[in-house]
Amino acid sequence: MAAYKNDYNKNEDQALWILHEIRNKMARRGLQPKTINKSAKDLIRKHRLSHLKWVKNPN
């Protein structure tokens, strides 16, 4: 996952800005997709979230 410079600012699109910040933090910490997915699944189980759909990348 590569960190990148975006062409929008915080005032233009708050949701995209938050995602951008999260991606930058993940890139700095060197998190791998498998680790992120495992953590997400653990949180879903812990909080007993239901009615979620898993989307798998076709690659």
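**Figure 1. Secondary structure and surface of the protein chain.** The protein chain of this predicted model has two helices and zero strands; helices (H or I, at least four residues) and strands (E, at least two) are DSSP runs, numbered from the N terminus. Residues are numbered from 1 along each chain as its sequence is written, and side-chain values use heavy atoms, with hydrogens and water left out. Local features need pLDDT of at least 70 and side-chain atom pairs count only at pLDDT 80 or more, while totals for chains, interfaces and linings use all residues. Of the 59 residues in the protein chain, 8% are buried; buried means under 20% relative accessible area, exposed over 50%, and partly exposed in between (1.4 Å probe, protein chains only). The accessible surface of the protein chain is about 5,800 Å², and 54% of this surface belongs to carbon and sulfur atoms. Accessible areas come from the Shrake-Rupley method with a 1.4 Å probe, and for residues only the protein chains shown count as cover.

Figure 2. Leu-16, Ile-18, Leu-19 and Ile-22 make a nonpolar surface patch of about 330 Å². Patches are made of residues with over 30% relative accessible area and no salt bridge; like charges are joined within 9 Å, and nonpolar side chains (Val, Leu, Ile, Met, Phe, Trp, Tyr) within 5 Å. Ile-22 is found in helix H1, residues 14–29, and counts as partly exposed because its relative accessibility is 40%.

**Figure 3. His-20 in helix H1.** His-20 is found in helix H1. With a relative accessible area of 6%, His-20 is buried. Lys-10 is 10 residues from His-20 in sequence, and the C-alpha to C-alpha distance between them is 9.7 Å.

Figure 4. A salt bridge is a side-chain nitrogen of Lys or Arg within 4 Å of a carboxyl oxygen of Asp or Glu. By this rule there are two salt bridges. One joins the side chains of Lys-38 and Asp-42 (3.1 Å, N to O). Both residues lie in helix H2, four residues apart, about one turn of the helix. Lys-38 is exposed at 52% relative accessibility, and Asp-42 is partly exposed at 32%. Asp-42 also forms a salt bridge with Arg-45, with the closest N and O atoms 2.9 Å apart. Salt bridges that share partners join Lys-38, Asp-42 and Arg-45 into one network. Arg-45 is exposed, with a relative accessible area of 58%.

**Figure 5. Positive phi at Arg-48.** Most residues other than glycine have a negative phi. Arg-48 is not a glycine, yet has a positive phi of about 50°. Arg-48 is found in the segment after helix H2 (33–46) and is exposed, with a relative accessible area of 74%.

Figure 6. The largest pocket has a volume of about 160 Å³. On a 1 Å grid over the protein atoms alone, a pocket is an open set of points with protein on both sides within 12 Å along at least five of seven lines, and lining residues have an atom within 4 Å of a point. The volume is the space filled by probe spheres set on the points. Asn-37, Lys-41, Trp-54, Val-55 and Lys-56 line the largest pocket. By class, this lining has two nonpolar, one polar and two charged residues. Ala, Val, Leu, Ile, Met, Phe, Trp, Tyr, Cys and Pro count as nonpolar, Asp, Glu, Lys and Arg as charged, and the others, Gly among them, as polar.

Note on methods: On a 1 Å grid over the protein atoms alone, a cavity is a set of points where a 1.4 Å probe fits but cannot get out, and a pocket is an open set with protein on both sides within 12 Å along at least five of seven lines; lining residues have an atom within 4 Å of a point.
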